[in-house]
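Hello,

Here is the structure I promised to pass on. My notes follow below it.

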Amino acid sequence: MSDLSRRAFLAAAGTGIGAAWLAARPEDVAGAHAHADAARRASERGEAPPPLEVLTPEQAADVEAVAAQVIPTDDLPGAREAHVIHYVDSSLATWAADQRQPFLESLDRFNATVARRHPGRSRFAELTSEQQVRLLRASERDWFFRQVRTMTVIGMFANPSWGGNFEGAGWRVLGFEPRYVWQPPFGEYDADAQRGS
Amino acid sequence: MPQQRRRIARFRAGQTVDFVVVGSGASGGVMAKELATAGFTVLVLEQGPRLEAHEFEHDEFKAFDRGYLNNTAALQPQVYLQGPGARPRRHQATVYHRLVGGGSVMFTSNYWRFKELDFNERSRHGSIGGTGFADWPITYAELEPYYTKAEWELGVSGVPGPFDPPRSRPYPLPPLPVKSSGVLFERGARALGLHPQPAPMAIISGPYRGRPGCQHCGYCAGFGCEHRAKSSTLVTTIPAAEATGRCEVRPNSYVRAIETDERGRARGVTYFDAAKAEHFQPARAVVVCANGCETPRLLLLSRSSRFPDGLANSSGLVGKYLMFNGNASTTGVFERQLNDWKSVMVTRMLWDFYDADPARGFYGGGGIDARYWGYPLLFVQGGLPPDAPTWGAEFKRLLRHNYSRTMNVDVHTTSLAVETNRVELDPVVRDDWGLAAARITYSDHPDDVAMMRFLAVKAVELLNAAGARRAWRPDNFEQQVGFHLLGTCRMGNDPRTSVVDRFHRTHDVRNVFLCDGSSLVTSGRGQPTCTIQALAYRAAEHIARFARRGEI
């Protein structure tokens, strides 16, 4: 299984969030699940999700705007519909709590760049989508962007129990179905082979 | 067969047992069952917790990024050097699983036998300068009955292929159903004149000895099987060992030293319980099955005035000759849907390149298999072509299009035994229990890298021959993480050049035996579990014989 874990490790290591995750302890994991679960259940009951615990509404809007550029919405859900922001907030409230301050400081620095480049604007969420894309292209090596990108991908595609991937939205994008019990044929080529064509 | 179920043994504190087995994984689980069945009292001490099948989850983030049942940096930090004299840095260079059943619970379940030549390749091929390339003290023929025993006791699905070594019995179960990756692999391989075959897997394709067959959930590598279809020791030999009434498996029990008496014999082990309290467990003999990193580490931690360089280390070879096996993963994208994220990882493989060939200009051999690293989070982090964008609309479009149309062809190859590749104790870093951390030095031999590259090129040719719209391979093959932990207490007849004898008894301490990946003299072609378990069956038979004769 070497390549598998090597990939996962390389993806996670070297970023603050990934490093925090690798150092997290089982009790943090349990806490994160309990936290995420409350939000998920509220959403499923059709109630408004509980208020975010760490991010202010303005901070959440900025982070969600970045996440929505990483996985945009088209005819299938994007980061917004997958509730990635709840995953981010839940992580910063629990297992990644020690990353909270560096994360929020880096968001402030990122918004300072926004203000410098776009006089009259002070927050990423205030930019047009075209302006956002241009700025992110120029920020691909930026620590803040890499954190949000990593968290968006995890929040989009990890189990819903982590707070994102709402109702399997990320899995629908991939075409993955979490049924966990299957019978052959599994795909088109083995179906052909089974039919003898 | 209905078995009279006896009460599971619970040994009293301080009660002497016949055998302490350190580790409950692929080899420890087998050892426990064989020794208990032979009539001895056996206490198995396992570092990790005990989870039952229904407790296993499909939570990828927890399993991989958290590695919650692995030797994480939080629990057991490691120091890594990329070759002698390199700058030491914190890095988990060897990965193993900490739970009852060990790696046998989590592995992909490829179950390849070694072939005759793996045991005497040094004689056939000749020496290789700067390496410890050596013949084994046993032959394939001596091990064959135990390969068969492992396949039948544990439950293996397969059918022999054209390059298989001789076998005394067929596989107990037919192969698992072929996936699209297997169909395409066959197509590509045949087009190149190669000989694909069903992959032998330690996953039962149908009901077997009270366990249901595979339900094709798609979560094998890195996950425990909630259906008990993966033939781990957790669901096979360990319950059988406990059913004898003579075996106790004690989880959360981390052995920190083998204790010796004034005659230089082992008198038991000291271990930490779940609350990190220390206990001494007396035993008539100790069998260490802790894996190729933890076994040498435990011997080195057990140093004393009588054994200043570590227990059973008169050769100086404890921890040396670490081998990871080579591994590289190539990727292909096809026109139609494979949905290869369903079912077991591997259904087809080939052994055409198994033997070393001097014409290649380097030593090495290997196998190739069709598989899919198709867990969602893993795919989105590494499954797209190297030039794909990493965010935005095109990123999403590619994820959506490729996920069900992608497969991998992985290559599995030899590692040469190099003395400087080794496990030591770090002089500074301590684990969560205060024990010296493992310090790993590892750098692939140039021939290992050449072999990986050679087969990766073949793998891409195969994907293209199968009709891939696009196929690619890695450029860098050097490994800094190992999951197959082999060779660190090698077996041999000469006490100066090996740590254990042909029966897995340490040359130095009469009542200490080692049996796991550390015993291997050569690495095989990339799937060592079958051989580790065959060795455990064989070793247990001899150890029981010695014990009955009073020769321990």
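Which residue of chain B forms a salt bridge with A:D74? The partner is B:K396, with the closest N and O atoms 2.7 Å apart. A salt bridge here is a side-chain nitrogen of Lys or Arg within 4 Å of a carboxyl oxygen of Asp or Glu.

Some ground rules. This is a predicted model, where local features need pLDDT of at least 70, side-chain atom pairs count only at pLDDT 80 or more, and totals for chains, interfaces and linings use all residues. Residues are numbered from 1 along each chain as its sequence is written, chains are lettered from A and ligands numbered from 1 in the order in which they are written, and side-chain values use heavy atoms, with hydrogens and water left out.

**The interface**

Chain B and chain A have 5 salt bridges between them. There are also 19 residue pairs in polar contact, both residues at pLDDT 80 or more. A polar contact is a pair of N or O atoms within 3.5 Å; within protein, one must be able to donate a hydrogen and the other to accept it, and residues adjacent in sequence count only if both atoms are side-chain atoms.

On the chain B side, α9(B) gives the most, with 7 residues. Helices (H or I, at least four residues) and strands (E, at least two) are DSSP runs, numbered from the N terminus. The contact (heavy atoms within 4.5 Å) takes 61 residues from chain B and 62 residues from chain A.

The two chains bury about 5,700 Å² between them, 62% of it on carbon and sulfur atoms. Buried area is the accessible area (1.4 Å probe) that two parts lose on being put together, summed over both.

**The sheets of chain B**

One open sheet has 6 strands, in the order β5-β11-β12-β13-β10-β16, with antiparallel pairing. Two strands pair if DSSP finds at least two bridges between them. β5 (196-198) and β16 (470-472) of chain B stand at the edges, each with a single partner strand, so one side of each has no neighbour in the sheet. β10(B) and β16(B) are joined by 3 bridges. There, B:G332 stands opposite B:A471.

A second open sheet has 4 strands, ordered β4-β3-β15-β14, and its pairing is mixed. Its edges are β4 (89-90) and β14 (422-430) of chain B; each has a single partner strand, so one side of each is left without a neighbour in the sheet. Strands β3 (78-81) and β15 (436-441) of chain B run parallel, joined by 4 bridges. B:L81 stands opposite B:T441.

Best wishes
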